[in-house]
Each structure stands twice: as C-alpha cells, then as structure tokens.
Amino acid sequence: MNRRRLILVTGSASGIGAALAKRLRADGDEVIGLDRRDADIVCDLTDPSQIEASIAAVDASLDGLALVAGLPGTAEPCAIFAVNTVAPRLLAKGLAQKLREGAAIVVVSSITAARCPLDDAAKDALLARSSGEIVRASGVADGKTAYEYSKALINRWVQHAARDFLPRGIRVNMVSPGPVATPILSDFEQSIGADRIAAAAQLTGRHGAPQEIAAAIRFLLSADAGWINGTELKIDGGYHALRAAGPAPAAFSKQAV
C-alpha cells in the first residue's frame, strides 16, 4: 500500500491552487494549504517575516511543494516581484530540510515570461536582490512588465534549483499556463488587454480550466515524472504552436492530418 503523501500548496484558496488541493486530496494525499485567507497556514507572501513564520509552522516532512500563488499585472511591481519571484525561493530554501529525499517542487510560471528580454546573466543578477531592489535595478515601473519579468526570473531560478536539489533526488519543474479561467482572469484582461486575451481563446478554441493546470502539476509531483527535472511545461492549448504554424490551408481537413 502506498504511503500517504504530504504536499504543501500555496495559493490554495482559489483558482489553480484550490483545484490542485482538491485533486490531491481526492487521490488520498494530505495537503497543507497556504494562502492569505481560508488556508491551513495564513500568510501574506509579500512579507518575509510571515513567510519565515509559515516555514516554522510546518512540523512534518513534505513529499511535495507546489508554488502556485501569484499576483497579476494589476498589482504594484514590488508586490508582484515579492510574491512571484522572491516568495517561492524563500519557501523552497526554508523548507528544503523538511522535504523528503525524492520529493518534488513545482512552480507555476506563465507563457508571458518569454516576453522578458533579459539574458541569463542579467536574470541571475536580479535574483540575488530583494523585491524592492529588483524594481530599482530593473527599472520596471508598470505591473504588466513586472509580471513578465517576475515569471522569467522564477523560470531561471528553477534551472538553478534543479541543479542544487539534484543530490537529494528532489526534482524542480515549472508549468507555464496560457490564459486560464480563474478569478484573476479579469486582472489579466486589464493588464495585458482584453482583446489579446480574447484573441488567444479564439486561436486555441477556449481558455484553460484550473483543473487542467492542476492535472499537470499533479503529474509533475508524482513518481511518474521521476526523470523530469528543470523542465518548463507549457499548458497553453497549443497557442505558441498554432501561432508558429500560421493559418491552416484552405483544404485542411482531419483526413489530411
């Protein structure tokens, strides 16, 4: 009989985090939810002292860490970097010794990270800074750009973490969703543009569902993904592939595939 796993999920009160927590519990796993409200551990991820207290509150060995919580581009840049870039790193570092050998870490990023123009050296330099220092050093002044940069930086961190955690057999991966029908979709419409969000749905056929992103995270947390490490899994309904392929030929049909 398989041992019941213990997995900490940030952003567990709504959206993708809530869908993941529900799915894991349905599998028989135990979940520690962390969020600003309605969670086992209540924590404001913009506050390092609350993050430290949350780490101390975990008194058991973890089999997985799902870093789902994030702020959209309608928030202030400093808060965006604090939640999307700094908090996941602080949690992973602080909980490292509470992760079992062979555990898994999954970070929720975004396909918009590809819009960040920084090279790896510039990203590494910013990763060494606090959220306020990132804002000052990067010169980012608007929420939309801060969101793109914040996700690009955490993607770069995943590459470092995949290397650093490898000696303990702990895998670190990321998922990058396209537009997903969550409570903050309207925030993305405001920061990115409702027309662009609608165009993405028109191209792919629809927006993603929180349960679909949760399913991918669940897979990456599982032993079935045992040889997947440092990988970005895009979950965008084919958006990038469809844009790259261009318009379908007029004579295109299912029989032609």
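Predicted model: local features only at pLDDT ≥ 70, side-chain atom pairs only at ≥ 80, totals over all residues.

User: What makes D38 count as buried or exposed?

Analyst: Its relative accessible area is 63%, and the cut-off for exposed is over 50%, so D38 counts as exposed. There's something else about D38: its phi is near 50°, a positive value in a residue other than glycine. For background, most residues other than glycine have a negative phi.

User: And which class does S150 fall in, buried or exposed?

Analyst: S150 is found in helix α6. Its relative accessible area is 0%, and buried means under 20%, so S150 is buried. Leaving aside neighbours within four places in sequence, S150 is in contact with I80, F81, N84 and T85.

User: Why is L90 called partly exposed?

Analyst: L90, in helix α3, has a relative accessible area of 32%. Buried stops under 20% and exposed starts over 50%, so L90 lands in between and is called partly exposed. Setting aside neighbours within four places in sequence, L90 touches P48, I51 and I55. P48 is 42 residues away along the chain, yet the C-alpha atoms of L90 and P48 are separated by 8.0 Å.

User: What about S191, buried or exposed?

Analyst: S191 lies in helix α7, residues 185-192. Its relative accessibility is 15%, and the limit for buried is under 20%, so S191 counts as buried. Apart from neighbours within four places in sequence, it is in contact with G73, T74 and K144.

User: How do you know how α3 and α6 are oriented to each other?

Analyst: Look at the axes. Helix α3 (residues 77-95) and α6 have axes that come within 8 Å and cross at roughly 10°. Angles under 35 degrees count as roughly parallel, so α3 is roughly parallel to α6. On the α3 side the contact involves P77, I80, F81, N84, T85, P88, R89 and A92, while the α6 side includes G143, S150, W157 and F165.

User: What kinds of residues make up that contact between α3 and α6?

Analyst: The residues divide into 12 nonpolar, four polar and two charged.

User: What about α7 and α8, at what angle do they cross?

Analyst: The axes of α7 and helix α8 (residues 194-204) come within 6 Å and cross at roughly 120°. L185, F188, E189 and I192 of α7 meet A194, R196 and I197 of α8. By class, this contact has five nonpolar, no polar and two charged residues.

User: What makes β2 mostly covered?

Analyst: Strand β2 covers residues 30-35, and five of its six residues are buried.

User: Last one: what does the largest nonpolar core contain?

Analyst: It has 48 residues, and those with the most contacts inside it are L45, I105 and W157. Helix α6 (residues 143-165) gives the largest share, 10 residues. There is also a second, separate core of 22 residues that includes V9, V68, I217 and L220. As for W157, it touches P88, R89, A92, V107, L127 and V172, not counting residues up to four places away in sequence. As background, nonpolar side chains in soluble globular proteins tend to be buried together.

Terms used: Residues numbered from 1 in each chain as written. Heavy atoms only, no water. Core = buried A, V, L, I, M, F, W, Y, C linked by side-chain atoms within 4.5 Å. Buried < 20%, exposed > 50% of the residue type's maximum accessible area, 1.4 Å probe, protein only. Helix = DSSP H or I, 4+ residues; strand = E, 2+ residues; numbered from the N terminus. Contact = heavy atoms within 4.5 Å. Axes fitted to C-alpha atoms, helices over the stretch in contact; angles between N-to-C directions. Parallel < 35°, antiparallel > 145°, perpendicular 65-115°, else oblique. Nonpolar A, V, L, I, M, F, W, Y, C, P; charged D, E, K, R; others polar.
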